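Please go through the structure below with attention to its charged pairs, one of its helices and its overall dimensions.

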Amino acid sequence: VIRCRAAVAWAPGKPLSVEEVEVAPPKAGEVRIKLVATGICRTDEHLLQGCFPNAEFPVIPGHEGAGIVESIGEGVTSMKPGDKVMPLCIPQCGECSFCQNPESNFCQKSHISEPQNLLPDKSSRFSCKGKQIHHFLWVSTFAEYTVVPEYAVAKIDAAAPLDKVCLFGCGFSTGYGAAINTAKVKPGSTCAVFGLGGVGLSVVMGCKAAGASRIIAVDINKDKFAKAKELGATDCINPRDLKKPIQEVLTEMTGQGVDYSFEAIGREDTMIAALASCNMSTGVCVMIGVLDSGSKISIDPMLLLTGRTWKGTSLGGWKTRECIPKLVSGYLEKKFNSDLLITHTLPFAKVNEGFELLRAGK
């Protein structure tokens, strides 16, 4: 058993508490990882506010991490102690019908199919003050050590800087893949991106890489615009400066509406606006943002009857164990510069300050 620090969420709506926890050794088919770096993602904020479906407290959040294998359980063959790895919030078991479908990247062992609050044998590897602590999406990267099933871990290039590629565990991969894989943005097309956080900016990068001729970035925080332009946005719009609804403005700017729109915020009104802003015949709208658990959206069916496509994406459509290592290699080959997404680097003890910066849009 390893004793180390972890940021524990004891109850919804409370700040994280950095505690000494005990991390049990890996059982058969499991890997214990020494985490080196983790990103903070809005999904962790949903969890802390009690808005994430089927989660259980107390829990160690975090799902955007990178680290080094410390030890392996019986039967683990794809990695060994010392390997650089990323734990994956969407596993790739390789056996379920989704994993075997070349067009799917979701796995039936993912949280939406069956909760990942405990490891597959329905027990936890974390305890604190004599209490069992739940895992989050199996990965729980807000801990110095974590235990994850082998099929939810990707071995990555030994040259990868872990403090930079940890973003590939969710934010960068989700946004970039939403454009490349889910929307399949075509060269010369027009795109609108709603929300310029880490995911939205990664969508901008994906649209640019796919050859889009016009990328319109939409956010109520104008401080995001300079970075959006640096990453490839051609236009930046603040809906608060407009006299008309954003979908009408985007339609006027492009003639018929954009070819592709992306919602990377997680609000009902912006999801409907994103759908309405893509062209009515062949427009594709990709939903990336996560609404609070139990939310419902009502839309005018005419938005879809004329031919628009409305899609969701989960981790950008990448088959995680196969594709995340390839994205890391692409980063090392300088195919994209995801480092521009990193605004702050904080010591682990200041994890709550990280969330304050997230909430402030900084």
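Asp121 and Lys27 form a salt bridge in which the closest N and O atoms are 3.1 Å apart; a salt bridge here is a side-chain nitrogen of Lys or Arg within 4 Å of a carboxyl oxygen of Asp or Glu. The two residues are 94 positions apart and belong to distant parts of the chain: Asp121 sits in the loop between α2 (97-100) and β6 (126-128), and Lys27 in the loop between β2 (17-23) and β3 (30-38). Helices (H or I, at least four residues) and strands (E, at least two) are DSSP runs, numbered from the N terminus. Asp121 is partly exposed, with a relative accessible area of 39%, and Lys27 is partly exposed at 40%. On this scale buried means under 20% relative accessible area, exposed over 50%, and partly exposed in between (1.4 Å probe, protein chains only). Lys27 and Asp121 also belong to a network of salt bridges that links them with Glu30 and Arg125.

The model is predicted, and residues are numbered from 1 along each chain as its sequence is written. Local features need pLDDT of at least 70, side-chain atom pairs count only at pLDDT 80 or more, totals for chains, interfaces and linings use all residues, and side-chain values use heavy atoms, with hydrogens and water left out.

A second salt bridge joins Arg32 and Glu70, at 2.6 Å from N to O. Arg32 lies in strand β3 and Glu70 in strand β4 (residues 65-72), so this pair ties together parts that are 38 residues apart in sequence. Arg32 is buried, with a relative accessible area of 6%, whereas Glu70 is partly exposed at 29%. Lys244 and Glu252 form another salt bridge, with an N to O distance of 2.5 Å. In this pair Lys244 is partly exposed at 39% relative accessibility, and Glu252 is exposed at 52%.

The search of the whole structure finds 16 salt bridges. The protein has 39 positive and 37 negative side chains, and the centres of the two sets lie 2 Å apart. For this count Lys and Arg are positive and Asp and Glu negative, while His and the chain ends are not counted; each charge is placed at NZ of Lys, CZ of Arg, CG of Asp or CD of Glu.

Helix α8 (residues 268-277) is mostly covered, with seven of its 10 residues buried. Among them are Met271, Leu275 and Ala273. The cover over the buried residues of α8 includes α7 (246-254), β10 (190-194) and β13 (260-263). Ile246 lies in helix α7 and is buried, with a relative accessible area of 10%. Leaving aside neighbours within four places in sequence, Ile246 is in contact (heavy atoms within 4.5 Å) with Phe194, Val218, Ile237, Pro239 and Ala273.

The protein contains 11 helices and 15 strands, and 53% of its 362 residues are buried. Of the contacts with a separation of 6 or more, 69% involve residues 24 or more positions apart.
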